[in-house]
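Here is a short tour of some local backbone and side-chain features. Have the structure open as you read along.

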Amino acid sequence: EVKVADAPSSEVKVADAPPKQSEGRGDGNSRCSSPSRALNEYTWAGLDSMRCSIQVETPAERPQETSEPHRHLRAKKNETQSSSLRQGIGCLLDTHAPSLQAAKLLFKYYDRDNSAALEKKEAHEMLKDYGFSNEQAGLLNELIDEDGDGRLGFAEFWDWLQSEGHIDHLILVQDTQTARFHALRAAAEMFHGADKDQDGKVTVAEMRSLLASWELDDVEEALKAVLFHHGDVGESDAAESVSLPGFIDYLCSFEEWKVLRITGDEHMAFNSSR
């Protein structure tokens, strides 16, 4: 069992948020004096500890279709195996010492097309089976996918599992009522608003436009800092884009966004100085 101390109960005040936009990811063009305007006033809430129980089931143990007369038995079997699978995923994800064998089994189970990588929908399915909602699974999927390419290779997945900060990632998206989740959602909406082609990455031009909307004193200097410390290097050996983890990493340089810092590993996204 992994126990996490309750977060402080003191109220954290930040600048008022801009007028609420309509449903969706926004256009990322609203002008504001600093990125703190994306946050509302909020109060820390307690974080639940996580539990794990049994091993991951193998692909051979997936629920199988049966004849129609036994539909009620099939439903009961599927419900039991679904619970078993969820517990198995939890046993792998909720520990500071994950099993390589279990990780490979889990990865292979969800790699439906045998491409040696989890496509976005496959990783999303795994996180949904863990117990997260669509929104929670989507956000966590983007946090794990540090290069923002929409595919999760096993090395990327295993590196994340081994990092001491991966538990804090799970906690970050676990409770949608906490200040941290509120900040994560605001950061993601800002990022997606800037990502005009919705490819999971914000280009140099898109980032320049976003920084300009914040009315910073020196947009070009801020852009250089973002790309140098948090950008994704392309074929030209220069940073060509920024993924969501890198963007949040940059936001944490602002006092109002330090709530998103990941604890447990100084080299994890949001804390690094790459």
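## Two positive phi angles

Let's begin with alanine 116, which sits in the loop between helix 2 (100–110) and strand 3 (117–119). This is a predicted model, and in it the phi of alanine 116 is near 65°, a positive value in a residue other than glycine. Alanine 116 counts as exposed because its relative accessibility is 56%, and the cut-off for exposed is over 50%.

Glutamate 215 also has a positive phi, about 55°, although it is not a glycine. You will find glutamate 215 in the loop between helix 8 (204–213) and helix 9 (219–230). With a relative accessible area of 46%, glutamate 215 is partly exposed.

## Salt bridges

Side chains of opposite charge can pair when their charged atoms come close. Here the count comes to six salt bridges. Among them is the one between glutamate 125 and arginine 112, at 2.6 Å from N to O. Glutamate 125 lies in helix 3 (residues 120–130) and arginine 112 in the loop between helix 2 and strand 3, so this pair ties together parts 13 residues apart in sequence. Glutamate 125 is partly exposed at 29% relative accessible area, and arginine 112 is partly exposed at 35%.

Another salt bridge joins the side chains of glutamate 220 and arginine 208, with an N to O distance of 2.8 Å. Glutamate 220 is partly exposed, with a relative accessible area of 36%, and arginine 208 counts as partly exposed at 32% relative accessibility.

How values were computed:
Residues numbered from 1 in each chain as written. Predicted model: local features only at pLDDT ≥ 70, side-chain atom pairs only at ≥ 80, totals over all residues. Heavy atoms only, no water. Helix = DSSP H or I, 4+ residues; strand = E, 2+ residues; numbered from the N terminus. Buried < 20%, exposed > 50% of the residue type's maximum accessible area, 1.4 Å probe, protein only. Salt bridge = Lys/Arg side-chain N within 4 Å of Asp/Glu carboxyl O.
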